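Here's a quick tour for anyone who likes to know the cut-offs behind the numbers. Have a look at the fold, then read on.

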Amino acid sequence: MDSIRAAAILLAVGLWSAVPAWGETRLGAQGAEGTPNRRQDWLVPTQDQITPSRAVLFRPPGRGPFRLAVIAHASTQNRLARAQMPQPEYSALAAALVARGFAVLVPQRLGHGKTGGPYLEDQEGCDNAEYAMSAHTTAEAITTALTFMRAQAFVRKDAAVLAGHSAGGWGALSLADHSPKEISSIIVFAPGRGGRANDRAGNICAPDKLVAAAAEFGDGAKIPVTWLVAENDSYFPPEFSKKMADAFTEAGDGKVDFRMIPAFGNEGHWVAEAGEQPLFDSIIANAAGLNVQAPAVQGVAVKGKK
């Protein structure tokens, strides 16, 4: 009997370990709030329905509801570098958004760092890169997190903002055809993929394909885009970034505010991650679609009204 019971226990353990991660892991907050800006670890769903995304949430004081901002991080084709990627936080950019009343989620996408799971954003090599395909996969990750967060009581259902860096910005651009009521603004820092190929400054894989994909994203675009690139970005230099932004604009009615920002350190491509808050305060203050009035919260008096 003991041997039968032991076998049953081993079978149960084996079956339990095979349960998808969401069956054994609670999505949502993963601990207490901390500093800065009520920083809190979260788990949010991903598009493979098995591996949850490790995310960081920042938010203002109070109960909300707050408008939501989602920051989409950069990526790399290097498998080892992806596996070793630390949890992205973009703390200064997040702080600037929190100061404007946003709850800010920074999810780590599939195939990166401790989130792990399958890498679904592969651009399929250099010469024959599938840039639109990889962008749409990144966009799916963004919208999966966005949908989950909109179900939280402290988050507004409308007027979200997407901020994206490099590959994350590339994915955000492909969502520019969504309803402006759902996503009011897209802010991208040096969006693109295939930059600095073979670790050579200004060397971009299949650049014509990148420009063509940018035009595809611009066709039918409805959401205003703020497109930023540092003067010393060696992945997508300002001249090439402007070419992509122009293709995006000319393909449709999309509005793009293209800006070159001052050189940052030794490599401007990383300004979104390592820049200081005053820079982001200025960018956000002037980005189209950021100043959307919050609805009056039921039971709270509005100044000057009864």
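Predicted model: local features only at pLDDT ≥ 70, side-chain atom pairs only at ≥ 80, totals over all residues.

The rule here is a side-chain nitrogen of Lys or Arg within 4 Å of a carboxyl oxygen of Asp or Glu. Glutamate 267 sits in the loop between β9 (256-261) and α9 (271-274), and arginine 196 in the loop between β7 (183-189) and α7 (207-218), so the pair ties together parts that are 71 residues apart in sequence.

Residues are numbered from 1 along each chain as its sequence is written, and side-chain values use heavy atoms, with hydrogens and water left out.

The rule gives eleven salt bridges. One of them joins lysine 242 to aspartate 246, with the closest N and O atoms 2.8 Å apart. Both residues lie in helix α8 (residues 238-250), four residues apart, which is about one turn of the helix. Lysine 242 is partly exposed at 34%, and aspartate 246 is partly exposed too, at 28%.

Another pairs aspartate 257 with arginine 259, the closest N and O atoms being 2.9 Å apart. Aspartate 257 comes out as partly exposed at 33% relative accessibility, whereas arginine 259 counts as buried at 18%. Elsewhere, salt bridges that share partners link Glu33, Arg38 and Arg59 into one network.

## Valine 44

Is valine 44 buried or exposed? At 0% relative accessibility, valine 44 counts as buried. The residue belongs to strand β2 (residues 40-44). Setting aside neighbours within four places in sequence, valine 44 touches Leu27, Pro52, Ser53, Ala55, Leu105, Pro107, Ala145, Phe148 and Met149, where a contact means heavy atoms within 4.5 Å. Arginine 109 is 65 residues away along the chain, and its C-alpha atom is 9.9 Å from that of valine 44.

## The largest pocket

The largest pocket holds about 660 Å³ of space. A pocket here is an open set of points on a 1 Å grid over the protein atoms alone, where a 1.4 Å probe fits, with protein on both sides within 12 Å along at least five of seven lines; lining residues have an atom within 4 Å of a point. The volume is the space filled by probe spheres set on the points, with grid points joined across faces, edges and corners.

There are 32 lining residues, and Ser75, Thr76, Gln77, Tyr235 and Trp270 lie nearest the centre. By class, the lining has 13 nonpolar, 14 polar and five charged residues; Ala, Val, Leu, Ile, Met, Phe, Trp, Tyr, Cys and Pro count as nonpolar, Asp, Glu, Lys and Arg as charged, and the others, Gly among them, as polar.

## The whole chain

The protein has ten helices and nine strands, taken as DSSP runs numbered from the N terminus (helices H or I, at least four residues; strands E, at least two). Of its 306 residues, 48% are buried. Among contacts between residues at least 6 apart in sequence, 71% join residues at least 24 apart.

Terms used. Buried < 20%, exposed > 50% of the residue type's maximum accessible area, 1.4 Å probe, protein only.
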